[in-house]
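Open the model in your viewer and keep the selection tool at hand. The stops below say what to select and what is there.

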Amino acid sequence: MFTPNLLTANDRDGTYPASYYAATANATDPFAKLEGDQTCDIVVIGGGFTGLSSALHLAERGFDVIVLEAHRVGWGASGRNGGQVGSGQRREQDDLEKMVGRDDARKLWDIAEQSKDIVKSLITKHDIKCDWKPGILHADHRARFVPETHEYVEKLQSEYGYDQIRAVDRDEMRAMLGSEFYHGGSLDMGAGHIHPLNFALGIADTARAAGARIFENSVVTSYESQAGKVTVKTRDGGVVSANKLILGCNGYLDALDDRVAKRVMPINNFIIATEPLGDDLARELIRDDVAVADSKFVINYYRLSADKRMLFGGGETYGYTFPKDIKSFVAPHMLEVYPQLKDVKIDYGWGGTLAITMNRMPFFRRIEDNIFTASGYSGHGVAMATLAGQIMADAVGGTMERFDVMANIKTPVFPGGKALRFPMLVAAMLWYSIRDKL
């Protein structure tokens with residue numbers, strides 16, 4: 001029997017975490033709990049970006065689709081993350097060219113561009129109120145990283161025809177951020193940032209209007225595939241019978257499917273939100289209201305909210321429990337960049353569980369003829385998970401081209417499989433965190 005430890009270790013059943021995002025969530029009608037027996041064409045497990053986007057695009061194609069979410073839609077990483085809608089894949093194009101060859105690397109770049117496009121188009125088409133703002137600033141915390149960053153900008157401009165990114169030198173970086181922590185980097189105005197929970201809620205409402213049946217507070221305990229049919233069971237006795245299954249669980253998959261779990265591992269990340277800072281201080285900290293992601297291995301990522309709070313993400317843990325005091329856990333990372341915020345009140349601190357892979361590329365697979373999965377976005381999932389839903393809807397309908405491009409990426413099993421992935425990762429992350437400090 002599957003025990004959903006990650007679903008209950010740090011959160012209460014059916015309740016969003018006490019985050020800034022939950023406090024400023026758009027009003028939406030809740031979804032019912034699954035009861036009794038239901039049938040459909042496709043059942044989707046997971047009500048985050050992947051599952052909700054799958055449901056929307058399947059419903060628009062005329063499929064009868066059911067989504068099962070253990071808590072609330074957007075409850076997991078989709079409603080807790082840094083909100084950055086980044087360009088490219090999680091790995092840079094240089095790495096991808098070595099990994100899969102130039103032709104497939106180009107296909108992966110094009111798919112990544114589509115992932116940003118789908119976020120923007122869903123926001124516009126369905127009038128989703130989620131505070132879209134353009135721009136992500138990549139900030140190098142070591143001077144020796146800057147030349148390589150600038151070379152990569154030139155590569156994207158000249159070889160990939162991407163003209164929305166430019167190099168930033170040290171003086172401009174420090175004027176843009178009001179911090180002496182960085183030495184240069186790049187500015188990508190084709191990227192952007194959003195209120196992720198409100199984006200997820202917007203997709204859910206749109207999927208519901210398109211005919212998808214979404215059930216909250218419906219914890220899946222098991223599923224089985226037999227004779228071309230899938231049967232999914234929930235903790236409280238609900239049963240869904242379907243022709244096909246999509247797994248969109250990401251970091252909360254746990255023991256539901258070991259074929260995925262040995263390649264996709266959950267880790268925890270944390271964000272704080274200060275009190276509103278006012279226009280002057282906010283502009284001093286991030287002059288142009290762009291999002292920021294820096295070059296540390298355990299990355300700092302931050303931006304201003306719509307009401308001028310600093311939303312700052314930093315620090316990771318591995319295992320099942322969050323730090324007791326998340327505000328105190330993250331604050332030192334923020335103060336290292338912005339010591340001038342030492343007396344500013346922190347109003348919110350929350351954590352979430354995302355999923356990574358060994359090669360930091362998403363894990364797309366058709367694990368049985370009628371079972372599809374996409375997860376392991378490795379911190380680059382706002383756009384890619386949203387596109388994954390469309391890609392899997394295409395695949396379920398028989399159009400496999402983009403799915404196959406993603407599925408052809410070889411995703412290694414974690415050393416020791418599921419049993420040893422945590423201690424191995426902790427050892428690796430400890431080394432990289434020491435390297436960051438040195």
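This is a predicted model: local features need pLDDT of at least 70, side-chain atom pairs count only at pLDDT 80 or more; totals for chains, interfaces and linings use all residues.

**Stop 1: the core.** Select Phe199 and Phe403. Within the largest nonpolar core, which has 78 residues, these two touch the most other members. Helix 12, residues 381-396, gives the most to this core, contributing 11 residues. As background, nonpolar side chains in soluble globular proteins tend to be buried together.

**Stop 2: around Phe403.** What does Phe403 contact, leaving aside neighbours within four places in sequence? Its contacts are Phe364, Arg365, Arg366, Phe372, Thr373, Ile391, Met392 and Ala395. Next, select Phe270, Leu304, Phe312 and Val337. They are among the 31 residues of another core, which lies apart from the largest one.

**Stop 3: helix 12.** Select residues 381-396. From first C-alpha to last, the 16 residues of helix 12 reach 21 Å, close to the 22 Å expected at 1.5 Å a residue. Is helix 12 enclosed or open? Of its 16 residues, 16 are buried, so helix 12 is largely enclosed by the rest of the structure. Then pick Gly398, which follows helix 12 and has a positive phi, near 105°.

**Stop 4: helix 6.** Select residues 146-159, the 14 residues of helix 6. The end C-alpha atoms are 20 Å apart, in agreement with the 20 Å that helix 6 should span at 1.5 Å a residue. Colour Val146, Thr149, Tyr152, Val153, Lys155 and Leu156, which are buried. Their cover includes helix 4, helix 5, strand 4, strand 5 and strand 6.

Key. Residues are numbered from 1 along each chain as its sequence is written. Side-chain values use heavy atoms; hydrogens and water are left out. A nonpolar core is a set of buried Ala, Val, Leu, Ile, Met, Phe, Trp, Tyr and Cys residues joined through side-chain atoms within 4.5 Å. Buried means under 20% relative accessible area, exposed over 50%, partly exposed in between (1.4 Å probe, protein chains only). Helices (H or I, at least four residues) and strands (E, at least two) are DSSP runs, numbered from the N terminus. Contact means heavy atoms within 4.5 Å. The expected span of a helix is 1.5 Å times one less than its number of residues.
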